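Subject: Structure handover

Hello,

Here is the structure for you to look over. My notes on what turned up follow below it.

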Amino acid sequence: MTTIRLCSPKDISKLNLSNLDPLTENYHRKFYFNYIAKWPTMFIVAENQKGEIVGYVMGKVEQDPPYLMILGDRFLPWHGHVTALTVAPQYRQMGLAKRLTARLDKACEQENAWFMDLFVRVSNKTAIYMYKKMGVYRRVVGYYSDNPTGEGDSEDAFDMRKSLSRDKDNRYIREHGEDYRINPEDIYHG
């Protein structure tokens, strides 16, 4: 049985099983500790019976500064963001990613976020399939500065979003978002 629980500082040294995936972004230890300190309910781990961390999700809540509301539709309101989600290869296809995401979803709801988003490499078909219910909001051209497929120097990302209960009218969701292209510098304004 795998337990889903909040991450603690002592867990940071146990993330190796999950971080071996080439599609998983690895960060400096200070970055992980910063997430635990700032967003303690949004850094969630999956722990097996041996006490090993076999998956995790790191999230946060954020928004553009209020003075940028003049941007209208381009203003990013209070929302949850999935910074990283990974499961150790031998623990995949067991529903852990869904369980981790559901727990983060609940944390975003408690923060009264409008939506939850994440960026996914266009080549990561497994992740896109898993998140298909979220929907693609837009395609960010050249978002990743590397390209593990070997096709070019950079890779595009899909900005995938799921409306939360605050967004009753799906105001922050777009149909056919994969056809709506923007540049990375147009994502954040503040």
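Helices (H or I, at least four residues) and strands (E, at least two) are DSSP runs, numbered from the N terminus. With that in hand, Asp21 sits in the loop between α1 (16-19) and α2 (29-38). This is a predicted model, in which local features need pLDDT of at least 70 and side-chain atom pairs count only at pLDDT 80 or more, while totals for chains, interfaces and linings use all residues. Residues are numbered from 1 along each chain as its sequence is written, and side-chain values use heavy atoms, with hydrogens and water left out.

The fold

The protein chain has 4 helices and 8 strands. From the N terminus on, the order is β-α-α-β-β-β-α-β-α-β-β-β. The radius of gyration is 17 Å, close to the 16 Å that the globule rule gives for 190 residues, so the protein chain is as compact as a globular protein of that length. That radius is taken over C-alpha atoms, and the globule rule is 2.2 Å times the number of residues to the power 0.38. Along the principal axes, the C-alpha atoms fill a box of roughly 50 × 40 × 30 Å.

Buried residues make up 48% of the 190 residues in the protein chain. Buried means under 20% relative accessible area, exposed over 50%, and partly exposed in between (1.4 Å probe, protein chains only). Contact means heavy atoms within 4.5 Å. Of the contacts with a separation of 6 or more, 67% are between residues 24 or more positions apart.

Surface and charge

The accessible surface of the protein chain comes to about 10600 Å², and 51% of it belongs to carbon and sulfur atoms. Areas come from the Shrake-Rupley method with a 1.4 Å probe; for residues, only the protein chains shown count as cover. There are 27 positive and 25 negative side chains. Lys and Arg count as positive and Asp and Glu as negative; His and the chain ends are not counted. The centres of the two sets lie 7 Å apart, with each charge placed at NZ of Lys, CZ of Arg, CG of Asp or CD of Glu.

Aromatic rings

The structure holds 11 aromatic pairs. Rings of Phe, Tyr and Trp (its six-membered ring) pair if their centres lie within 6.5 Å; planes under 30 degrees apart count as stacked, over 60 as edge-to-face and the rest as tilted. Tyr27 and Tyr32 form an edge-to-face pair, at 5.8 Å centre to centre and 80° between the planes. Tyr27 is partly exposed, at 25% relative accessibility. Tyr32 is buried, at 4%. Tyr143 and Tyr144 also pair edge-to-face, at 4.9 Å and 90°. Tyr143 is partly exposed at 29%, whereas Tyr144 is buried at 15%. One aromatic cluster is formed by Tyr27, Phe31, Tyr32, Tyr35, Trp39, Phe43 and Tyr56.

Residues around Thr86

Back to Asp21. This residue counts as buried, at 15% relative accessibility. Leaving aside neighbours within four places in sequence, Asp21 is in contact with Thr86 and Arg92. Asp21 and Thr86 are 65 residues apart along the chain, yet their C-alpha atoms are separated by 7.9 Å.

Ser18 lies in helix α1. Its relative accessibility is 0%, so Ser18 counts as buried. Ser18 touches Thr24, Ile53, Val54, Gly55, Tyr56, Thr86 and Ala88, not counting residues up to four places away in sequence.

The start of the chain

Thr2 is in the segment before β1 (3-6). Thr2 is buried at 12% relative accessibility. With residues up to four places away in sequence set aside, Thr2 touches Ala46, Glu47, Asn48, Val54, Leu96 and Arg99.

Positive phi

Most residues other than glycine have a negative phi. Two residues to check here are Asn112 and His176. Phi of Asn112 is near 60°. Asn112 is in the loop between α3 (96-110) and β5 (115-121) and is partly exposed, at 43% relative accessibility. His176 has a positive phi of about 55°. His176 lies in the loop between β7 (155-163) and β8 (181-182). With a relative accessible area of 57%, His176 is exposed.

Best wishes
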